[in-house]
Amino acid sequence: MITDIESSNCALPVATPHGEFLAWYSEKGLCALRFPSTAKHSKQTRPVPPKIRRWHAATNAALKSALKGQNGKALPPLDLSAGTEFQRRVWGALLKIARGRTLSYAEVAKAVGKPKAVRAVGGACGANPIPVFVPCHRVVAANERLGGFSGGLDWKRALLKREGIRLPD
DNA sequence: TAAGTGCGTCGTT
DNA sequence: AACGACGCACTTA
């Protein structure tokens, strides 16, 4: 089947109290979520297929809920097919971390059956295309510290705090 | 205790 | 071949 990337992918804004996120959709579902940035978003002119409109409604509700630290509304389908085998294993493990819980990078490495691939897990977290929904912010360093966050550590702190997680000063 | 160094380890580019 | 969102052992002050 021929797939036209230009016509099948689209980006839609999600207005939240913390700024305007940008949600990207493929034919398979939500494929990327970006934190608010100062850059202007190009306006979506092309008509949005009904399927994607439904997904976007789910994204809207789920993101606003998640930013309040509340329990999961239904997520849209997540298209994580762009990742490597290893990355998808890691992202799958992240999806199992319950709200308000955390795992260390080493624990995630064990969970995917590669206990020594600790740094590689960090890399996979950094490559997570759908932050918040794929909760890479719930992965922290073993030394009781925060670890890193590609979206900025302020976001990581805020997300964890809203889930009721105590952080070391 | 706190802060800094060195190195094993492995997926990704 | 080089680089990390790591972890651990081991200095220093």
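Buried residues have under 20% relative accessible area, exposed ones over 50%, and partly exposed ones fall in between (1.4 Å probe, protein chains only). The model shown here is predicted: local features need pLDDT of at least 70, side-chain atom pairs count only at pLDDT 80 or more, and totals for chains, interfaces and linings use all residues. Residues are numbered from 1 along each chain as its sequence is written, and side-chain values use heavy atoms, with hydrogens and water left out.

**View 1. A buried pair, glutamate 163 and arginine 138.** Here we meet a salt bridge, meaning a side-chain nitrogen of Lys or Arg within 4 Å of a carboxyl oxygen of Asp or Glu. The closest N and O atoms of glutamate 163 and arginine 138 are 2.8 Å apart. Glutamate 163 sits in the segment after α6 (153-162) and arginine 138 in the loop between α5 (118-126) and β5 (139-140), so the bridge ties together parts 25 residues apart in sequence.

**View 2. Lysine 51 meets glutamate 27.** Their side chains form a salt bridge of 3.0 Å, N to O. This pair links distant parts of the chain, 24 residues apart: lysine 51 belongs to helix α2 (residues 50-67), glutamate 27 to the loop between β2 (19-25) and β3 (30-34). Helices (H or I, at least four residues) and strands (E, at least two) are DSSP runs, numbered from the N terminus. Lysine 51 is partly exposed at 29%, and glutamate 27 is partly exposed at 42%.

View 3. Arginine 157 is partly exposed at 38%, whereas aspartate 154 is exposed at 58%.

Technical notes. Chains are lettered from A and ligands numbered from 1 in the order in which they are written.
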